[in-house]
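Visitor: I am new here. Please show me the structure, and then take my questions one by one.

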2 protein chains.
Amino acid sequence: MSQPLRLGIAGLGTVGVGVVRILRKQAALIEARTGRAVTISAVSARSRDKDRGVNLSDYAWEDDPVALAKRDDIDVFVELMGGDEGPAKDATEAALASGKDVVTANKAMLAMHGQALAEQAEAAGCLIRYEAAVAGGIPVIKTLTEGLAGNEITRVMGVMNGSCNYILTRMEDAGLPYADVFAEADGLGYLEADPALDVGGIDAAHKLAILSSIAFGTQVDFAGIEIEGIERVSIEDIKAAADMGYKIKLLGVAQMTGRGLEQRMQPCLVPDRSPLGQLAGGTNMIVLEGDAVGQIVLRGPGAGEGPTASAVLSDICDIARGWHGPVFGQKASTLTAATSAMSQAPAAFYLRIGLLDKPGALAKIATVLGEAGISINRMRQTEHRSDHAPVLIVTHKTSRKALDEALAAMSGTGVLASDPVALRIEDL
Amino acid sequence: MSQPLRLGIAGLGTVGVGVVRILRKQAALIEARTGRAVTISAVSARSRDKDRGVNLSDYAWEDDPVALAKRDDIDVFVELMGGDEGPAKDATEAALASGKDVVTANKAMLAMHGQALAEQAEAAGCLIRYEAAVAGGIPVIKTLTEGLAGNEITRVMGVMNGSCNYILTRMEDAGLPYADVFAEADGLGYLEADPALDVGGIDAAHKLAILSSIAFGTQVDFAGIEIEGIERVSIEDIKAAADMGYKIKLLGVAQMTGRGLEQRMQPCLVPDRSPLGQLAGGTNMIVLEGDAVGQIVLRGPGAGEGPTASAVLSDICDIARGWHGPVFGQKASTLTAATSAMSQAPAAFYLRIGLLDKPGALAKIATVLGEAGISINRMRQTEHRSDHAPVLIVTHKTSRKALDEALAAMSGTGVLASDPVALRIEDL
């Protein structure tokens, strides 16, 4: 294979520019490694005139990404526009229809339309590669699909949104409330144009949906994920968790259970000395568990020009080397429809309860928990505030159903100053 | 590709049996993922009659691994015998000469003969895959060769021998001297038949030599590695390091410098809160740094039946899927001969010095360091022992050359009760 591999790149934001930079700077290295030159034939972006700090004059320009995707002088369509619908999806479909391979960083598109796109690609004999869609520079798609191919995967976990992890870490370090740190992160440009994608857990859940499909041989099932964002994580909870040896992380967990595929993305407590607990700032971490390998932990930058472009280049180099294979680790036609299971596996929970200053208040709470069959592992009541007494409880393992019943019963006791906070404690 | 991929497996120790077990248990999963059946045609081991707890009656038996490697009914020769010379190498060469692909876990063979074997394989149009040769179940070969293919690699580091890490961790946890823990580990079967391969740093250095070749495009250069084992790491040093916020790890480091390839495998101090510092027991950790991606950390089991077999299966599944590529990330003919550079990059050092109880002893040591241009970052003298006073010093960054000069000068002062201990402190 001595013909150059010719790319068409749609989207020249941070990642697109990063890809162009690497292809220019490392052309010789990439050719030595893949055995062929990798060249850019044409590019497309919203504004042609914007100065992006990189020389684009060697490449043909297309205003329309669909036209770019169909060009005869490209072998691979590199989709770096983003968005689950619209131009990204139109152009991806056009590329596949024209027999081009696709490399994309678009987690939303794959989470929402991954099955249909995979079916189209495989029917056309084309590839879709998307290492950059999950966990930035960490080669987790490759590790899961290829590196652990001999394993039955038992669980996938991870911190997959660096912005959320930055916010939670910064809240703890600076002792600041959520709203202040959110505003700070937004000002620093750490959040998506629609910040709810980050802090609402949507972006991380898109990533989890993709990993689940590969891990468990199921069709991507974003709708089946229980999602809870970090908007309601308070500095009080972060401090209380720290006092008891935990960190709060926006943690994604996917596992196959007897009742179906359990997928959740929610704030959880993890031991502060565990690898996940130690993860500070914008770094991502993915934990992969397989029946043969045990546990593999991958840690690295989850975003940014260099790391994300590195992942895109990994896909491009694989294609240049002649890699081929199905989109989600096995043929799309063989992926089963996921039966989504709510998380009923027993877990320990952290509860923060504000009690009114009434005699017997604590006893009432303890009674409610006991009646729901929930036993208390640790409890502490801290000093009274003006209007209430904060009580922290770590339960022994219980079902979410029993906990929800107990929380409902608590609200009827008349001793609560506010709604209790309940966060899962994840076994690592 | 609907023909089965047919294996011949030579070596039925822990790893070989693990591979057979996975192929039997996960046959359907592997076929779904690779698109073809993976079968075993024949096996070979030293003793045919040994009960290995796995049914081998479906497979032809060969007493001679070379005969196995040449069989017409195998596509891939799976070499799990070990040893850098002898049957493993003979059979690998025979397999390549017969046009078979090779999957091996043999780090010693690749470290000593990797270049010649790669040249033979590539001339024959065959593959050599060896994910299991480095860091057990961690897919580090794949990550480095494929996942980071768009990066100029700047540094590779890691804890690559679980037995050494177990010994060092156990010494600290139990407060036991090296000899006691060594005997314990040997009794538990944690060490190679020749324990010097583990504790002498040889096994880990074999792995580092392989990673260096892929990372820097150089021919495997085991002889160019500065190797120091853990035999002289004392419990005193582990305790003193811990007091100052460090852990002692047998750390491999490879980086390309202006003077050539620097490769070392030696006990180093790392910050106790860093991912490497937190690594306890037999777990491995590899740190990969690239110009685009920044830093990626991989953590997982470095040995054992399941993890190592998982890595072997990764290679087998890749071949079943049609993977092809050069052995060390680029064609063997394009790998450059490594110019090995002694580590002259400045580093901070930890010194433990036993001083005789003489007036002015400490001043003499401080003067020697000052005259060598080495400035002291931290110094503490702990309580006198019967015959000497232990002094701990952390230097500012200095060259190994200046340090060696200072150590030589110290021995002439007449105030030393014993040879000083000097360990590098690694920047992470």
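Guide: One term before we start: two residues are in contact if their C-beta atoms, placed from the backbone, lie within 7 Å. Keep in mind that this is a predicted model.

Visitor: How many residues does the contact take from chain A, and how many from chain B?
Guide: Apply that 7 Å cut-off between the chains. The contact then takes 48 residues from chain A and 48 from chain B.

Visitor: Which elements of chain A each supply at least two residues of the side that touches chain B?
Guide: The side of chain A that touches chain B divides into 20 nonpolar, 21 polar and 7 charged residues. The elements that each supply at least two of its residues are α2 (27-34), α6 (140-147), β12 (294-301) and α12 (305-320) of chain A.

Visitor: Which residue of β12(B) stands opposite A:Val297?
Guide: Strand β12(A) is joined to β12 (residues 294-301) of chain B by 3 bridges. The two strands run antiparallel. Opposite A:Val297 stands B:Arg299.

Visitor: How far apart are the end C-alpha atoms of helix α1 of chain B?
Guide: Helix α1 (residues 14-25) of chain B has 12 residues. At 1.5 Å a residue, they should span 16 Å. The model agrees, with end C-alpha atoms apart by 16 Å.

Visitor: What do the buried residues of α1(B) pack against?
Guide: The buried residues of α1(B) include B:Val15, B:Val19 and B:Leu23. In chain B, they pack against β1 (5-10), α2 (27-34), β2 (38-44), β4 (76-79) and α12 (305-321).

Visitor: Which residues touch the most other members of the largest nonpolar core?
Guide: In soluble globular proteins, nonpolar side chains tend to be buried together. The largest nonpolar core here has 290 residues. Beyond its neighbours within four places in sequence, A:Val312 has contacts including A:Val15, A:Val19 and A:Val78. The residues touching the most other members are A:Val19, A:Val312, B:Val19 and B:Val312.

Visitor: Is A:Ala135 buried or exposed?
Guide: A:Ala135 is found in the loop between β6 (128-129) and α6 of chain A. Its phi is positive, about 60°, although A:Ala135 is not a glycine. A residue with 20 or more C-beta neighbours within 10 Å is buried. A:Ala135 has 33 inside 10 Å, so A:Ala135 counts as buried.

Terms used: Residues numbered from 1 in each chain as written. Chains lettered and ligands numbered in written order. Predicted model: local features only at pLDDT ≥ 70, side-chain atom pairs only at ≥ 80, totals over all residues. Helix = DSSP H or I, 4+ residues; strand = E, 2+ residues; numbered from the N terminus. Nonpolar A, V, L, I, M, F, W, Y, C, P; charged D, E, K, R; others polar. Pairing = 2+ DSSP bridges. Expected span 1.5 Å × (residues − 1). Buried ≥ 20, exposed ≤ 12 C-beta atoms within 10 Å, placed from the backbone. Core = buried A, V, L, I, M, F, W, Y, C linked by C-beta atoms within 7 Å.
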